[in-house]
Structures are given as C-alpha cells and as structure tokens.
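Visitor: I am new to this structure and would be grateful for a close look at a single part of it. Please take one residue as the starting point and proceed from there to its surroundings.

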Amino acid sequence: MEIWQIILAVIIVGISIVMPIYYLYKKKKLHQKLKYGREVTEKEKIRVYLDNINEKFRAKRK
C-alpha cells in the first residue's frame with residue numbers, strides 16, 4: 001500500500017467514528033432544548049393563570 005492510501009483509510013475510519021458521536025450529541029442537545037421549551041411554556045401558562053386569578057380577586061376587593 002502506498003502512503004496516501006493509508007492516510008485516506010485513516011481519515012475514512014476517523015470520520016466514521018466521529019460522525020455518529022456528533023449526530024448523537026446534536027440530537028441529545030435538540031431534545032434538551034425542546035424539553036426546556038415545553039417547561040418554559042408550562043411555567044408561562046401557570047404564571048398567566050395565577051395572574052388572572054389575582055386580578056379577579058383584586059377586582060372583587062375594590
């Protein structure tokens with residue numbers, strides 16, 4: 001084998017090891033962002049609901 005063939009083989013093997021790890025990391029990160037986004041949305045809904053209750057209570061008290 002010539003040296004360029006060995007280098008090419010090493011590059012191909014390296015890429016075949018690194019790429020799946022990269023895509024799994026990317027997928028995991030996206031999943032975490034989506035999960036956090038849903039949590040923020042739920043927290044926002046709860047905050048709006050509590051604000052509405054507070055406004056109704058304050059309106060009754062006046």
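Guide: Let us begin with D51, which counts as partly exposed because its relative accessibility is 34%, a value that lies between the limit of 20% for buried and that of 50% for exposed. The model in view is a predicted one.

The side chain of D51 meets that of R47 in a salt bridge, with an N to O distance of 2.9 Å. Both residues belong to helix α1, where four residues, or about one turn of the helix, lie between their positions in the count. R47 is likewise partly exposed, at 42% relative accessibility.

R47 also has a salt bridge with E44, and here the N to O distance is 2.5 Å. R47 and E44 are three residues apart in helix α1, so about one helical turn separates them. E44 has a relative accessible area of 38% and is therefore partly exposed.

A further salt bridge links E55 and R58, whose closest N and O atoms are 3.5 Å apart. These two residues are in helix α1 as well, three residues apart, which is about one turn of the helix. E55 is partly exposed, with a relative accessible area of 48%, and R58 is partly exposed with a relative accessible area of 48%. As for E44, R47 and D51, salt bridges with shared partners join them into one network. The structure has a count of four salt bridges, by the rule applied here.

What else does the surface present? A nonpolar patch is formed there by I3, W4, I7, L8, I11, I12, I15, M19, Y22 and Y23, and together these residues have about 1000 Å² of accessible area. One of them, I11, is found in helix α1, which comprises residues 3-61. I11 is partly exposed, its relative accessible area being 46%.

Two other members of the patch, Y22 and Y23, deserve attention for their rings. The structure holds one aromatic pair. The ring centres of Y22 and Y23 are 5.4 Å apart and the ring planes stand at 65°, so the pair is edge-to-face; the angle qualifies because planes over 60 degrees apart count as such. Y22 is partly exposed, with a relative accessible area of 43%, and Y23 is partly exposed, with 47%.

Methods. Residues are numbered from 1 along each chain as its sequence is written. This is a predicted model: local features need pLDDT of at least 70, side-chain atom pairs count only at pLDDT 80 or more; totals for chains, interfaces and linings use all residues. Side-chain values use heavy atoms; hydrogens and water are left out. Patches are made of residues with over 30% relative accessible area and no salt bridge: like charges are joined within 9 Å, nonpolar side chains (Val, Leu, Ile, Met, Phe, Trp, Tyr) within 5 Å. Accessible areas come from the Shrake-Rupley method with a 1.4 Å probe; for residues, only the protein chains shown count as cover. Buried means under 20% relative accessible area, exposed over 50%, partly exposed in between (1.4 Å probe, protein chains only). Rings of Phe, Tyr and Trp (its six-membered ring) pair if their centres lie within 6.5 Å; planes under 30 degrees apart count as stacked, over 60 as edge-to-face and the rest as tilted.
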